[in-house]
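Please look through the structure below from the whole chain down to a single residue. The paragraphs after it follow a different order, beginning with a term.

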Amino acid sequence: MKKEGNNKRNMIYIVSAVISIVIALWGILGGKSFSAFADFLMRILKRDFSWLYLGVMLFFVLFLLIVAFSRFGKVRLGNDDDKPEYSTVSWFAMLFGAGMGVGLVFWGVAEPLSHYIAPMAGIEPLTEEAARFSIRSCFMHWGVHPWACYAVVGLGLAYFQFRKKERTMVSNLLKPMIGEKHTYGIPGKAVDIFTTVLTVVGVATSFGMGCLQICAGLEYLFGIPNEVITWVIVIVILCFIYLKSAISGVGKGIKKISDINLVLFVALMVVGFLIGPGKEILSMLVHGIDDYLVHFFPDSLRLSSNGDSTWIQNWRVFYWAWWMSWAPFVGVFIARISKGRTVREFVLGVMIVPMLVSVIWFSVFGGVGINVADAFTPEQLQQIVAVPETALFIIFSQYKFGIVMSIIAIVLLTTFFITSANSATYVLAMLTSDGDIDPPDRKKVFWAILMAAIAFALIVSGGVTGIQTISIVIAFPYLFILLLVCVSLIIVLKNDTAKQKRKDEQKI
């Protein structure tokens with residue numbers, strides 16, 4: 001049995017690595033054909049399956065809230081007497097850093113400005129209506145929907161791992177649906193290989209984008225050339241740090257850097273609020289929350305505006321597909337750090353708290369950006385948002401202490417980058433070690449170096465956008481896997497609570 005398990009681990013490990021490298025090489029060596037193919041598939045998904053993405057993402061939100069406030073909400077992810085492994089603050093810091101920390105810094109100014117100058121059809125650009133629409137849209141894209149997507153995977157894995165003492169493998173979540181034979185056979189292996197490849201490609205793409213923004217910030221602030229040698233130095237240094245952190249383990253390296261992230265994150269928000277338009281920021285926060293709640297269901301299911309679906313497809317559907325591509329990685333990681341929490345605590349902690357932080361973040365930096373929009377012509381604003389990696393620094397430069405915010409932002413980008421990278425390194429090693437929560441260091445080293453190499457190669461070849469698109473495209477089947485996970489979760493929760501009830505009745 002042990003030999004069979006080793007063979008399975010090696011198969012998932014080797015096949016995942018080979019497929020990841022092949023996809024990356026195509027993106028690097030065949031840039032034009034690769035991008036054209038990826039764009040073609042993406043257009044089909046947007047055109048024909050927008051309704052499915054919108055409906056399924058809303059379903060995840062409602063499903064998790066119903067489970068959390070049902071009789072299953074009190075079920076503990078572990079033994080009945082288990083306590084949370086990490087403090088609530090450290091738990092939140094780790095899941096937030098792994099889930100979308102880099103993205104918030106990357107898009108904090110660029111996205112609100114983008115919606116402000118080019119809103120949905122029927123809304124006049126650069127108006128008060130456009131500003132409110134902009135903040136409301138950011139709340140939607142970074143609110144409960146993406147975290148619900150993550151939580152579906154995370155809740156299922158945490159329950160199977162800590163309550164049922166099963167392997168931490170996504171294929172295991174489908175056991176109630178496909179049976180033990182298929183779970184351990186080819187269908188299960190296919191799901192685990194797919195999960196691993198999706199994680200490698202998606203995370204390597206984000207690393208490339210994060211590196212570009214760090215280097216762009218260094219050039220904008222300090223005149224350090226944004227060129228190949230800088231990319232090499234930045235990636236090598238960051239790779240060394242996140243690998244060392246991943247090898248140290250979740251409780252030491254990853255936890256410590258996540259705690260630092262949280263401090264820097266809050267510091268940047270406070271500085272942004274203090275030097276920005278405080279009154280306008282508070283107004284945006286209040287009106288934004290009101291608009292977000294009032295339009296929650298219409299916006300969740302809206303397919304077009306005035307008959308034009310371009311904005312919905314290019315932004316909302318693209319985001320829903322992107323979050324889905326990150327669901328395996330983030331879900332596995334937050335499951336690993338959630339032992340001892342109840343189902344209700346898990347759902348509310350994973351969905352609601354990050355949403356509230358994102359709401360405050362976009363109110364602050366949306367306000368900071370929109371407040372100085374009048375200092376630029378519409379054409380200049382278009383140029384600024386077209387290069388989101390520098391938009392943050394250009395807008396900050398309009399403020400008295402903008403240099404302070406820019407420096408904090410670069411440091412925060414770096415620490416968030418490291419958090420996501422070491423989390424991904426740990427998760428990939430775990431996925432290719434049959435769910436071992438203490439995977440061998442040699443696999444951490446392999447995945448860390450591979451992701452860094454792919455990220456660097458994509459930057460040099462200009463293939464970051466193409467590989468990002470293809471990662472979103474190949475994540476499409478995960479939509480159906482996540483739906484099956486929801487069904488499986490209900491089956492095991494019902495069966496396990498029924499068994500527990502019978503045991504309690506027998507004791508009486």
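A residue is called buried when its relative accessible area is under 20%, exposed when it is over 50%, and partly exposed in between, with a 1.4 Å probe and protein chains only. Ile-229 is partly exposed, because its relative accessible area is 48%. The model is predicted: local features need pLDDT of at least 70, side-chain atom pairs count only at pLDDT 80 or more, and totals for chains, interfaces and linings use all residues. Residues are numbered from 1 along each chain as its sequence is written, and side-chain values use heavy atoms, leaving out hydrogens and water.

Now take the whole protein chain. The chain has 21 helices and zero strands; these are DSSP runs, numbered from the N terminus, with helices (H or I) of at least four residues and strands (E) of at least two. Of its 508 residues, 60% count as buried. Along the principal axes, the C-alpha trace spans about 70 × 50 × 45 Å.

Helix H9 covers residues 186-222, which is 37 residues. From first C-alpha to last it reaches 53 Å, close to the expected 54 Å, where the expected span is 1.5 Å times one less than the number of residues. Helix H9 is mostly covered, with 29 of its 37 residues buried. After H9 comes Gly-223, with a positive phi near 75°.

Helix H10 spans residues 228-248, and Ile-229 lies in this helix.
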